[in-house]
Amino acid sequence: MSLARGPLFVLHMVFATVVVISLFIYLQEREAEVSRIKQLAHQEHQETARLQSDITQQDELIKGLRQKDPYVVEMIARDKFKYAGAGEIAPPPLPSIDKQRAIGSK
């Protein structure tokens, strides 16, 4: 009886080793996938925050136009016509929803 148990024991050990190795490989693949999904979720969260910021800025510009705020009207006119007085430093361009950013988004 002991002669039959030796090869059977070796066979079980080989099978157990193969199972453990395959489970370890599967675990590593899952960890890599979870890491990739977390990174993608973080990027999408940043994109959402940027879009919300852009929407807030656009809402404030629209609010200023509706109230006929002379500073907002002048700022938009200067941006549209690229006007700057003599010796004046041009302000940065206005945010625009219509302009696509160069960020790799959807």
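Biologist: Are Arg50 and Glu47 buried or exposed?

Modeller: Both Arg50 and Glu47 are buried. Keep in mind that this is a predicted model. Burial here means under 20% relative accessible area. In the whole chain of 106 residues, buried residues make up 9%.

Biologist: How do the side chains of Arg50 and Glu47 meet?

Modeller: The general idea comes first. Side chains of opposite charge can pair when their charged atoms come close. In this model, Arg50 and Glu47 meet in a salt bridge, with 2.6 Å from N to O. The two residues are three apart in helix H1, about one turn of the helix.

Biologist: Which salt bridge does Arg50 make with Asp54, and what is the distance from N to O?

Modeller: The side chains of Arg50 and Asp54 meet in a salt bridge at 2.8 Å, N to O. Asp54 and Arg50 both belong to helix H1 and are four residues apart, again about one turn. Asp54 is buried, as is Arg50. Through shared partners, the salt bridges join Glu47, Arg50 and Asp54 into one network.

Biologist: How many salt bridges does the structure hold?

Modeller: There are four salt bridges in the structure. One of them pairs Arg30 with Glu33, whose closest N and O atoms are 3.6 Å apart. These two residues also lie in helix H1, which covers residues 2–66, and they are three residues apart, about one turn of the helix.

Biologist: Why does Arg30 count as partly exposed?

Modeller: Partly exposed covers values between the buried limit of under 20% and the exposed limit of over 50%. Arg30 is partly exposed because its relative accessible area is 39%. Glu33, at 34% relative accessibility, is partly exposed as well.

Biologist: Which residues form a nonpolar patch on the surface?

Modeller: The patch consists of Phe9, Val10, Met13, Val14 and Val18, and together they have about 480 Å² of accessible area. Phe9 is part of helix H1. With a relative accessibility of 55%, Phe9 counts as exposed.

Biologist: How many helices and strands does the chain have?

Modeller: The chain has two helices and zero strands. Helix H2 takes in residues 70–81, which is 12 residues. To read its length, compare the span between its end C-alpha atoms with the expected span: H2 reaches 16 Å from its first C-alpha to its last, close to the 16 Å expected at 1.5 Å a residue.

Biologist: What caps the N-terminal end of H2?

Modeller: Asp69 is the cap: one of its side-chain oxygens lies 3.1 Å from the backbone nitrogen of Tyr71. Past the other end, just after H2, Lys82 takes a positive phi of about 55°.

Biologist: Which residues is Arg78 in contact with, leaving aside its neighbours within four places in sequence?

Modeller: Arg78 is found in helix H2. With those neighbours left aside, Arg78 is in contact with Tyr83, Ala84, Gly85 and Glu88. Contact is judged on heavy atoms within 4.5 Å. A C-alpha separation is another kind of reading. The C-alpha atoms of Arg78 and Leu94 are separated by 9.9 Å, and the two residues are 16 apart along the chain.

Methods:
Residues numbered from 1 in each chain as written. Predicted model: local features only at pLDDT ≥ 70, side-chain atom pairs only at ≥ 80, totals over all residues. Heavy atoms only, no water. Buried < 20%, exposed > 50% of the residue type's maximum accessible area, 1.4 Å probe, protein only. Patch = residues over 30% accessible without salt bridge, like charges linked within 9 Å, V, L, I, M, F, W, Y side chains within 5 Å. Areas by Shrake-Rupley, 256 points an atom, 1.4 Å probe, with all protein chains shown as cover. Expected span 1.5 Å × (residues − 1). Polar contact = N/O pair within 3.5 Å; in protein donor to acceptor, adjacent residues only side chain to side chain.
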